[in-house]
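Please open the structure in your viewer and keep the selection tool at hand. The tour begins with the whole chain and then turns to particular side chains.

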Amino acid sequence: MAKEIILADNAGFCFGVKRAVDMVAQYCSEEGVKVYTLGHLIHNTDVIRRLEERSIHAIKPEQIKELDPDSVVVIRSHGVTPQIYDLIKQTGAAVVDATCPYVRVIHKKVEHHYRLGYQIVIVGDQGHPEVQGINGWCANTAIITRDGKNLPDWDRARDICVVAQTTERLENYEQVLAAVKAKYKNVAAFNTICTATKDRQESAAWLGRQVDLMIVIGSKSSSNTRKLVEISQVNCANTVFAENRSDLPLDLIKQEQFTKIGITAGASTPDWVIADVIDAIRSI
Ligand code: SF4
């Protein structure tokens, strides 16, 4: 029986990631310019491989001091701390700032409220570079939480400012906000979850309920893709997480019981990888 393939309404590159990839592409064509990205530009191994083929390599923060003044450093969409801008400036290297404008808004809110004396609370993943970048705008003093269970017992009158990692789940943000409001009186809260994330999550949830099998495409290191997997699993008992065409479990997909196949992809998954996956399923 022929299989029906349905692509989620919102899938693949988001605005910020596309902007970052386009900004780097501009430099690929300029001969003799040494271009580096600070960390991998996006969480996608196919994109990283293509950049490396064009001699654009990722460097770690500890390598910044070795940069030549004639090199170019790309700051990825996750953003960085103010200390990183200072370090790059000291080397004389040029900066291409691909920080997503939505992330930049969080930096500004955090910096502003920190200066006013607020304690910053970030709803997000402590190990994620975006969260580490945000924390830098309040001198690394933020409390980072995803459930509100690790809030210290400060004075109830302390001013608290809550922001969220752009890819955080709304339920987590609401849970933390409720915990903060139960403990403290003066709370400035900003739901900084990006609509690109929300749109992808809602599309994945809806599509998951319509199909027999969901395929989520993206890198295992991409947190927003992993969240799409979690949401798909809640809404569709058969969910597959594949990085690209070669990662597809074709024997499973071939099974007759799967007549309607839903596809979604994380915000760091390029269109060509999605097209490739669809092509592989069509060829079954
Ligand atoms: S998910 Fe949203 S905040 Fe993050 S890079 Fe994409 S558009 Fe920007």
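This is a predicted model: local features need pLDDT of at least 70, side-chain atom pairs count only at pLDDT 80 or more; totals for chains, interfaces and linings use all residues.

Residues are numbered from 1 along each chain as its sequence is written, and side-chain values use heavy atoms, with hydrogens and water left out.

Switch to a cartoon view, in which 10 helices and 12 strands can be followed along the protein chain; these are DSSP runs numbered from the N terminus, helices being H or I with at least four residues and strands being E with at least two. The radius of gyration is 21 Å, close to the 19 Å that the globule rule gives for 284 residues, so the protein chain is as compact as a globular protein of that length; the radius is taken over C-alpha atoms, and the rule is 2.2 Å times the number of residues to the power 0.38.

Next, look for aromatic rings, of which three pairs are counted. Rings of Phe, Tyr and Trp (its six-membered ring) pair if their centres lie within 6.5 Å, and planes under 30 degrees apart count as stacked, over 60 as edge-to-face and the rest as tilted.

Select Phe15 and Tyr102, whose ring centres are 5.7 Å apart with the planes at 55 degrees, so this pair is tilted. The pair links distant parts of the chain, since Phe15 sits in helix H1 (residues 15-28) and Tyr102 in helix H4 (residues 101-115), 87 residues apart. Phe15 is partly exposed at 45% relative accessibility, and Tyr102 is also partly exposed, at 42%.

Then select Trp154 and Tyr184, a tilted pair with 5.8 Å from centre to centre and 40 degrees between the planes. Trp154 lies in the loop between strand S7 (143-145) and strand S8 (159-164), and Tyr184 in the loop between helix H6 (170-183) and strand S9 (186-189), so the pair ties together parts that are 30 residues apart in sequence. Is Tyr184 buried or exposed? Tyr184 is buried, at 2% relative accessibility, whereas Trp154 is partly exposed at 23%.

Conventions
Buried means under 20% relative accessible area, exposed over 50%, partly exposed in between (1.4 Å probe, protein chains only).
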